[in-house]
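Open the model in your viewer and keep the selection panel at hand. The stops below each give something to select and say what is there.

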Amino acid sequence: MTTKRTPPSTTETAFDCPHCGAFTTQHWFKLHANHIDKEHRVPTIPGAEMVENIRHAKELEEEMRQNLLEWVRKMDSGLVFLDQNKQGSYIYNDVNNLFLSQCYNCKKVAVWVHQNLVFPAHRLGPEPNADLPEAIVQDFEEARTILNYSPRGAAALLRLSIQKLCAFLGEKGKNIDDDIASLVSKGLNPLVQKSLDVVRVIGNEAVHPGVIDLKDDPDTALRLLGLVNIIAEQMISHPKAIREMYEQLPEGKKQAIEQRNEKALKGATP
């Protein structure tokens with residue numbers, strides 16, 4: 001059974017730790033390392049609803065309203081910035097768009113800019129199939145590494161991975177649609193072809209397998225990671241496992257099977 005994954009996110013108070021991998025509670029901090037209060041619990045990332053609430057809040061003075069809207073504008077930029085505040089006679093700077101999360105399990109700290117995890121380098125999605133060729137594994141792992149920052153770049157790498165995998169399996173490696181259809185005729189589950197259609201890998205001649213699709217999102221890239229593994233599992237790992245089991249049979253049994261197969265072939269010859 002596949003374990004459900006919960007990727008790190010600024011909208012969650014529990015996820016798979018990017019350090020130890022455990023699914024556990026995460027404590028959020030904003031700098032000066034002020035523990036985010038129990039009411040909010042996660043970083044405040046303003047959206048359209050907050051902007052509308054600020055614009056229509058009758059209790060706000062106009063100067064305060066403009067200051068809050070300016071803060072939202074800066075937050076939306078995704079850049080780290082400072083806000084000066086005063087507490088009594090002490091003046092200090094709040095750091096905005098920079099957050100820390102601390103794992104309850106391993107106590108290690110992760111660093112976030114806006115909604116992006118910047119430390120530690122985090123690879124999203126499943127591990128590559130152990131039987132994938134090394135060149136494809138490199139593309140696969142690079143896609144996992146950049147998926148959080150550039151889902152479109154990750155999806156483009158994975159389309160190339162599928163293209164390379166088809167070539168490794170004996171296809172032409174030029175048109176994914178034709179190659180997958182050929183692999184289906186050789187035993188690949190037809191549902192894989194439908195799944196590839198769903199994530200827009202095929203069916204659009206205007207999009208080359210390695211070209212970035214402006215509509216690609218993290219979900220598309222995650223699906224492509226899974227599909228690369230499915231193709232490898234069905235076309236490489238399963239046949240490999242069967243061959244290994246066959247090779248472990250006693251020699252006499254293998255000879256008997258081969259004789260049976262030869263007899264069946266002769267009987268089928270007109």
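Which residues form a nonpolar patch on the surface? Select V118, F119 and Y149: together they have about 280 Å² of accessible area. Keep in mind throughout that this is a predicted model. V118 belongs to strand β8, residues 116–119.

**Cis peptide bonds**

The peptide bond from F119 to P120 is cis, with omega near 0 degrees. P120 sits in the loop between β8 and α3 (134–146).

Now select L31 and H32. The bond joining L31 to H32 is also a cis peptide, and here omega is near 5 degrees. H32 is in the loop between β2 (23–30) and β3.

**The largest pocket**

Next, show the surface and select K30, W71, D83, D94 and N96. Among the 29 residues that line the largest pocket, these five lie nearest its centre. Colour β3 (34–35), α1 (48–56), α2 (62–76), β4 (81–87) and β5 (90–96), the elements that each give two or more residues to the lining. Helix α2 has the largest share, with eight residues. The volume of this pocket is about 660 Å³. By residue type, the lining divides into 15 nonpolar, eight polar and six charged.

**Positive phi angles**

From β5, step to N97, in the loop between β5 and β6 (98–103). N97 is not a glycine, yet its phi is positive, near 70 degrees. Is N97 buried or exposed? N97 counts as buried, with a relative accessibility of 0%.

Then go to H114, in the loop between β7 (109–113) and β8. H114 has a positive phi of about 55 degrees, and it is not a glycine either. At 13% relative accessibility, H114 counts as buried because the value is under 20%.

**Salt bridges**

How many salt bridges does a search of the whole structure find? It finds 10; three of them are visited here.

Select E141 and R123. They form a salt bridge whose closest N and O atoms are 3.5 Å apart. The two residues are 18 residues apart in the chain, with E141 in helix α3 and R123 in the loop between β8 and α3. E141 is buried, at a relative accessible area of 15%, whereas R123 is partly exposed, at 41%.

Move on to K240 and D131, where the closest N and O atoms of the salt bridge are 2.8 Å apart. This pair links distant parts of the chain, 109 residues apart: K240 is in helix α7 (residues 218–247) and D131 in the loop between β8 and α3. K240 is partly exposed, at a relative accessible area of 34%. D131 also counts as partly exposed, at 23% relative accessibility.

For the last stop, select K186 and E171. Their side chains meet in a salt bridge of 2.7 Å, N to O. K186 is in the loop between α5 (176–185) and α6 (190–198), while E171 is in the loop between α4 (151–168) and α5, 15 residues apart. E171 counts as buried, with a relative accessibility of 12%.

Note on methods. Residues numbered from 1 in each chain as written. Predicted model: local features only at pLDDT ≥ 70, side-chain atom pairs only at ≥ 80, totals over all residues. Heavy atoms only, no water. Patch = residues over 30% accessible without salt bridge, like charges linked within 9 Å, V, L, I, M, F, W, Y side chains within 5 Å. Areas by Shrake-Rupley, 256 points an atom, 1.4 Å probe, with all protein chains shown as cover. Salt bridge = Lys/Arg side-chain N within 4 Å of Asp/Glu carboxyl O. Helix = DSSP H or I, 4+ residues; strand = E, 2+ residues; numbered from the N terminus. 1 Å grid on protein atoms, 1.4 Å probe; cavity = no way out; pocket = protein on both sides within 12 Å on 5 of 7 lines; lining within 4 Å. Points joined across faces, edges and corners; volume = space filled by probe spheres on them. Nonpolar A, V, L, I, M, F, W, Y, C, P; charged D, E, K, R; others polar. Buried < 20%, exposed > 50% of the residue type's maximum accessible area, 1.4 Å probe, protein only.
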